[in-house]
Amino acid sequence: MQATALACLFSNAGSLCHPWVPIFVLSKTHFAIGVAFRFYGLRWVYSEICEYQKGSPFLLVPDDVKTLCRFSRFVFKSAAYHRKFSASNQEGLLVDMKGSILFEGLPRFIGDRVLRGSTEKDRGNVIKFYIDKASAEKAVGNKRQIETALGIGDPTEESPGEAVIFEGCGGGLCAVQDKYIGGAAVKISIEHLKNLTEVVSTLYSKNLLHGDLRLPNIIFRDDLTVSLIDFEWAGSYAKAVFP
């Protein structure tokens, strides 16, 4: 499963406001959602939002597909919001269906169900969408547990970067706003790998694991340290459940 709309639907959703239509593709093993929009009145362009491929036919609808459906519906409704209010002073806002402001400028896709702010104020924030409130709360709780084990932040206090959950995204979908981790290194060094080993060893010594430790979820930073992201499957050995 991957998000491939790096051209970004929202980048052209301001005053120009191109006409658009949702595109939905479903076969026995393939599922995709995207948007076709008229590019400056010259031709229609397709921008894929998300894609899900499975090696065998679907028997039941996976939660991943349900989440993508709800996320895509939110994207379509957001695009419709900008189309309706493109001439107003609110054209740069990204809001949920309850009117809560998620970003004060139009965001960009940076991953599967993940948006990052594009303005100077919002650039330090990311939002990831979850299928329901329980999943969002679990991810936030897992993140806090892992960071506490690694000695990041004060577990007795809410830090300024504490994740915020927005519940008004439609169909039970919830958005979690958190801080964007930047400072990615150009090259991975032996010091990065040593630090990663130390981080994983510390978690194991406390009977914890990340649950989805792969390159997209590891940030190798300029200061030769590493940071972990995406804690949906994190937890203790006895309780963690993997996809």
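So, strands β8 (residues 125-130) and β10 pair in the antiparallel sense, over six bridges. Pairing here means that DSSP finds at least two bridges between two strands, and strands are DSSP runs of E with at least two residues, while helices are runs of H or I with at least four, numbered from the N terminus. Keep in mind that this is a predicted model: local features need pLDDT of at least 70, side-chain atom pairs count only at pLDDT 80 or more, and totals for chains, interfaces and linings use all residues. Residues are numbered from 1 along each chain as its sequence is written, and side-chain values use heavy atoms, with hydrogens and water left out.

Back to the strands. F129 has A175 in β10 as its bridge partner. Strand β9 (residues 164-166) also pairs with β10, antiparallel, over three bridges, and there I165 stands opposite V176.

Is β10 mostly covered or mostly open? Look at residues 174-179: five of the six are buried, where buried means under 20% relative accessible area, exposed over 50%, and partly exposed in between (1.4 Å probe, protein chains only).

Last stop, helix α3 (residues 190-205), where we find L193. L193 is partly exposed, at 41% relative accessible area.
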